[in-house]
Amino acid sequence: MNPIASTCAVSVAVFATLVFTGPASPVALATQPEALPTLSEHMGEMSDAFRTISRGYNKADKLDDVLDAIGKLQENIVVSKSMVPSRLSDLSGEELEASLTEYRVRMAKLLDRTAELEVALLTGDDDLAHMILRDELYPMRDEGHELFSD
Ligand code: HEM
């Protein structure tokens, strides 16, 4: 592209950006975006949800609360699985890649088991719900922490 054409292209791009996005308003400038929650904070949310689930999963009058808590747990797992545990911060290269993959696989499996728990509760399969919670979710949490938390 010749220099004049390229200068024109830049001017058009700047003009289009200003027209379509407009100048930043004083309100937008004054409002700083909030810091995103850390992995530790997401885990804290997961912990609250998990407590609600384990206390109420076998009580019929708590079903709605427990289903809401399963949704909260799942939302936080989805965000957490793409984050980096602070214990891995010293790693790099292939070692980091391998650890992140292992972490993500465990989080994805956790998500999968929470969906199975949801199905068990929705279909009234109390024995299956009990088994998933005690024999799968608790051990998954504990093993995850042994491997990845400080
Ligand atoms: C239902 C399952 C789980 C619950 C309720 C849970 C809960 C928690 C809690 C309460 C903390 C401490 C947060 C704080 O105050 O700093 C924590 C930290 C942590 N958990 Fe979990 N966790 C679960 C599953 C897992 C799994 C499966 C993994 C890994 C595969 C994992 C990895 C971690 C890591 C890496 C931290 C430290 C956060 C950091 O690096 O900053 N957790 N979790």
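The following questions and answers concern a predicted model of a protein chain with a ligand.

Q: How many helices and how many strands does the protein chain have?
A: In this predicted model, the elements run α-α-α-α-α-α from the N terminus on. The count for the protein chain is therefore 6 helices and 0 strands.

Q: What percentage of the residues of the protein chain count as buried?
A: A residue is buried if 20 or more other C-beta atoms lie within 10 Å of its own. Of the 150 residues of the protein chain, the share that counts as buried is 15%.

Q: Among contacts between residues at least 6 apart in sequence, what percentage join residues at least 24 apart?
A: Two residues are in contact if their C-beta atoms lie within 7 Å. Among contacts in the protein chain between residues at least 6 apart in sequence, the share joining residues at least 24 apart is 62%.

Q: Which helix supplies the largest share of the shell around the ligand?
A: The ligand is surrounded by 21 residues, and the closest are Ser40, Met43, Pro85, Gly144 and Ser149. Helix 3 (39-56), helix 5 (93-122) and helix 6 (126-148) each supply at least two residues of the shell. The largest share, 7 residues, comes from helix 3.

Q: How do the residues of the shell around the ligand divide into nonpolar, polar and charged?
A: The shell around the ligand holds 21 residues. By class, these residues divide into 11 nonpolar, 7 polar and 3 charged.

Q: How do the residues of the contact of helix 3 with helix 4 divide into nonpolar, polar and charged?
A: The crossing of these two helices is left-handed. Helix 3 contributes residues including Leu39, Met43, Met46 and Ile53, while helix 4 contributes residues including Asp65, Val66, Ile70 and Leu73. By class, the residues of the contact of helix 3 with helix 4 divide into 12 nonpolar, 5 polar and 3 charged.

Q: Is Thr52 buried, partly exposed or exposed?
A: Thr52 is found in helix 3. A residue is buried with 20 or more C-beta neighbours within 10 Å and exposed with 12 or fewer. Because Thr52 has 17 such neighbours, Thr52 counts as partly exposed.

Q: Which residues is Thr52 in contact with, leaving aside its neighbours within four places in sequence?
A: Thr52 of helix 3 takes part in the contact with helix 4. The C-alpha atoms of Thr52 and Leu67, 15 residues apart along the chain, are separated by 9.6 Å. Leaving aside its neighbours within four places in sequence, Thr52 is in contact with Asp65, Val66 and Ala69.

Q: Are helix 4 and helix 5 roughly parallel or roughly antiparallel to each other?
A: Helix 4 and helix 5 pack at an angle of about 165 degrees, and their axes are 10 Å apart. Since angles over 145 degrees count as roughly antiparallel, the two helices are roughly antiparallel.

Q: What is the handedness of the crossing of helix 5 and helix 6?
A: Helix 5 and helix 6 pack at about 165 degrees, with their axes 10 Å apart. That angle makes helix 5 roughly antiparallel to helix 6. The crossing of helix 5 and helix 6 is left-handed.

Q: Is Leu110 buried or exposed?
A: Leu110 is found in helix 5. Leaving aside its neighbours within four places in sequence, Leu110 is in contact with Ile77 and Met140. Because Leu110 has 20 C-beta neighbours inside 10 Å, Leu110 counts as buried.

Key
Residues are numbered from 1 along each chain as its sequence is written. This is a predicted model: local features need pLDDT of at least 70, side-chain atom pairs count only at pLDDT 80 or more; totals for chains, interfaces and linings use all residues. A residue is near a molecule or strand if its C-beta atom, placed from the backbone, lies within 6 Å of it. Helices (H or I, at least four residues) and strands (E, at least two) are DSSP runs, numbered from the N terminus. Ala, Val, Leu, Ile, Met, Phe, Trp, Tyr, Cys and Pro count as nonpolar, Asp, Glu, Lys and Arg as charged, and the others, Gly among them, as polar. A crossing is left-handed if the near helix is turned anticlockwise from the far one by less than a right angle, and right-handed if clockwise. Axes are lines fitted to C-alpha atoms, for helices over the stretch in contact, and angles run from 0 to 180 degrees between N-to-C directions. Angles under 35 degrees count as roughly parallel, over 145 as roughly antiparallel, 65 to 115 as roughly perpendicular and the rest as oblique.
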